[in-house]
Amino acid sequence: MENDGLPADHEGPQHEEVTSASKAAVSFMDSIDPKELQSCVFTDKLESNQDLWKFNVSADFAVKAQQPCMLVHVQSQGAVEDSLCGTTVTAYITCDLEVLEEDYYEYMKIEDRSLEIRCHITQRDGHILITKVTTDGKKVTEQSATYPRSVAKGLITEGSHLLLMRLFALRKNVPENMTFISIDHNLHIISATFEQLDVESLEIDEKCVEVFGIKSTLLFSEYHPQTWHCYFLPNGHMGRVQLGSSKSEKILQLPADEEKVATLEKVFLPPEEDMQMQSKFLDRKEELKEEHVSFLRSHPEIRALTSDFLQFLLLRKPDDVFQFAKEYFLPFASHHPQSEITQAKDPSI
């Protein structure tokens, strides 16, 4: 495979014959109407009191590299056999669920040892570039891989995976032969399948609600699949997540006004109109920056005031910074610290 325009260290497993997505899955991604994504703009919050597990995922409209897209942010934290662990994902996803850029961070603390995984995915020169850094105690391992976009057609990452399930849930239908591709821990391409489950009932706030079920499977090997059962409320909010055959359920704690979030109207502008709005935003941003700089230049006392405050703060090192700032800046404070800071200034700060 040609590697024109790509860094030499991005070699990895791209020369291997890789798994491909089904035609039905690729067609599904190509058929997504950007307006349909309006219904996917909301936040989910799930909790489990049994293992202190929390899971938050939000989706909103954004612009990345002058291209309208979706911004997906995921945070999860909990404990596995008394070991703290958590994941953070920030992903920019196109309207047809292609990844523009994604940052993945995972950590686990095991007694006096910690494990961290950072993975960055981006598009460049017609390729998908993946970089992964694993820190296990003091040992650091780096991996990288590249795949042509033609080979990565139908690729579902952490961010697009959640958007895809929201679309299935809102349509209340998972078409047959939904076999996508994903990336495993060794940066190889693997199969990712989705199947529709039978409708079940879920009790939330002492009410029985019918939920739409989706089975998601990552095929790490023929003998090592990993499956999730996810159940969604009629408005697309996630109601329960179940890993494999585990009976541990993650029940959605839905605030009274949370359902309203899913029904908010949000206009998805055509690309040319969105670019005009972005241009106006950038122009206004520059205007405000110039106004702020001009104001600071005409009031040099601001720099002296903030400098004195920071030096005094670092000298005192108070436990309650907010209370300290309140007492420092209030004109009627019983003791103004300016005289003390003049005497106590440390030239090493």
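**Figure 1. The whole chain.** The accessible surface of the protein chain comes to about 21100 Å², and 52% of that belongs to carbon and sulfur atoms (Shrake-Rupley method, 1.4 Å probe). This is a predicted model, where local features need pLDDT of at least 70 and side-chain atom pairs count only at pLDDT 80 or more, while totals for chains, interfaces and linings use all residues. Residues are numbered from 1 along each chain as its sequence is written, and side-chain values use heavy atoms, with hydrogens and water left out. Buried residues make up 38% of the 349 residues (buried is under 20% relative accessible area, 1.4 Å probe, protein chains only).

**Figure 2. Phe28 meets Phe168.** The centres of these two rings are 5.0 Å apart with planes at 45°, so the pair is tilted (rings pair with centres within 6.5 Å; under 30 degrees is stacked, over 60 edge-to-face, the rest tilted). Phe28 lies in helix H1 (residues 23–30) and Phe168 in helix H2 (residues 158–171), so the pair ties together parts 140 residues apart in sequence (helices are DSSP runs of at least four residues, H or I; strands, E, at least two). Together with Phe180 and Phe194, they form one aromatic cluster.

**Figure 3. Charges over rings.** The charged end of Lys64 sits over the ring of Tyr92, 4.7 Å from its centre (NZ of Lys or CZ of Arg within 6 Å of the ring centre and within 35 degrees of the ring normal). Arg166 lies over the face of Phe42, at 3.9 Å from the ring centre.

Key
Buried means under 20% relative accessible area, exposed over 50%, partly exposed in between (1.4 Å probe, protein chains only). Rings of Phe, Tyr and Trp (its six-membered ring) pair if their centres lie within 6.5 Å; planes under 30 degrees apart count as stacked, over 60 as edge-to-face and the rest as tilted.
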